Amino acid sequence: MVFSFRNLLNEDNDLNIQKSNTTEPIVVVDIGCRWGFAEQFLSKKCQSVFKIFGFDPDEAECARLQASYSHLPDGYVTCVPIGLAACSGQRNLYLTKEPACSSLYPPIQHLAEKYPALDCISLQKIVTTRVTTLDLWAREKKLQTIDYIKIDTQGSELEILKGGGSLIDTTRCIDIEVEFNPIYEGQTLFGETDTYLRSKGFILWRLSNLVHYSLGGEQFVMPDKNSVCFDTNVRLETEAYGGQLFWADARYIHRNVLAQHSPDSTVRQRDLKLFEALNMIDVVDHMNRVQASI
């Protein structure tokens with residue numbers, strides 16, 4: 001249930017981080033940042049270029065996180081102790097056995113009772129929390145763009161994106177947890193999220209970390225293997241186990257990133273730095289091939 005970034009940034013790589021002619025920071029927003037976030041942006045090479053904001057409605061957790069980043073330059077990482085939603089106001093926050101699985105939506109209790117892997121969503125307490133929208137918060141901070149969003153909020157991802165308004169149009173890459181079957185009552189599912197993001201100009205780049213759960217937690221080895229193919233020359237096969245697909249991590253990229261034509265544009269240089277920092281060398285290669293073909 002918890003989307004955790006791997007520290008993919010290699011300090012020895014030449015990421016061209018300081019080759020841009022823009023002075024505006026590349027803005028990273030991590031929504032659902034409990035226990036630490038955005039590790040790949042914490043390199044010294046990134047600190048003069050990026051600005052990071054993390055959101056979690058738990059004030060104590062935000063204070064702990066902020067203290068853990070005290071060794072970084074002032075203002076580089078800001079932890080914001082507030083929930084995000086489609087509109088501002090007061091909302092119920094459903095606190096679960098695993099704090100990172102808490103949600104603005106009530107967990108489906110029979111899943112917690114019948115699926116051992118989902119015991120983490122067992123409801124412990126309901127509290128009231130203040131929420132705002134991503135758009136309103138950005139206006140208060142006088143932010144006009146958000147370049148990268150990671151969002152993992154246990155079912156409220158789509159309504160948070162909708163609360164971003166036109167700000168989402170400025171985003172270049174979105175990492176988002178998507179559900180194929182509901183874990184929380186009233187939550188949106190992959191089809192709705194995918195339709196919305198495509199309407200905003202995003203293209204699904206990759207699905208990863210596909211998670212299946214079985215009633216009773218029984219592990220059945222399936223007779224057919226699972227395969228993943230990359231172009232025509234790589235086919236990876238693994239053992240497949242029984243269970244229903246519930247969720248995965250999805251990466252979306254704005255179509256403008258993949259079809260840029262100006263080699264000297266500030267926008268292109270910002271995009272290159274962002275995807276290099278994300279270690280998305282396939283996207284960087286795509287951008288360079290498109291540019292070279294002009």
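Which residue forms a salt bridge with arginine 139, and how far apart are the closest N and O atoms? The partner is aspartate 135, and the closest N and O atoms are 3.1 Å apart. The model is predicted. A search of the whole structure gives 17 salt bridges, and an open sheet contains seven strands.

- Strands S1 (residues 26-31) and S7 (residues 148-151) run parallel and are joined by four bridges.
- Isoleucine 31 has isoleucine 151 in S7 as its bridge partner.
- In general, the strands of a sheet pair through backbone hydrogen bonds, in parallel or antiparallel fashion.

**Salt bridges within helices**

- Arginine 139 and aspartate 135 are four residues apart in helix H4 (residues 134-140), and therefore about one helical turn separates them.
- Arginine 139 counts as exposed because its relative accessibility is 59%, over the 50% cut-off.
- Aspartate 135 counts as buried because its relative accessibility is 18%, under the 20% cut-off.
- In helix H6 (residues 190-199), arginine 198 and aspartate 194 are likewise four residues apart, about one turn of the helix.
- The side chains of arginine 198 and aspartate 194 form a salt bridge with an N to O distance of 2.9 Å.
- Arginine 198 is partly exposed, at a relative accessible area of 41%, whereas aspartate 194 is buried, at 12% relative accessibility.

- Lysine 97 and aspartate 119 form a salt bridge in which the closest N and O atoms are 2.5 Å apart.
- Lysine 97 is in the loop between strand S5 (89-96) and helix H3 (109-114), and aspartate 119 is in the loop between H3 and strand S6 (123-132), so the pair ties together parts that are 22 residues apart in sequence.
- Aspartate 119 is partly exposed, with 29% relative accessibility.

**A salt-bridge network**

- Salt bridges link Arg34, Asp56, Asp58, Glu61 and Arg64 in a network.
- In general, side chains of opposite charge can pair when their charged atoms come close.

Notes. Residues numbered from 1 in each chain as written. Predicted model: local features only at pLDDT ≥ 70, side-chain atom pairs only at ≥ 80, totals over all residues. Heavy atoms only, no water. Pairing = 2+ DSSP bridges. Helix = DSSP H or I, 4+ residues; strand = E, 2+ residues; numbered from the N terminus. Salt bridge = Lys/Arg side-chain N within 4 Å of Asp/Glu carboxyl O. Buried < 20%, exposed > 50% of the residue type's maximum accessible area, 1.4 Å probe, protein only.
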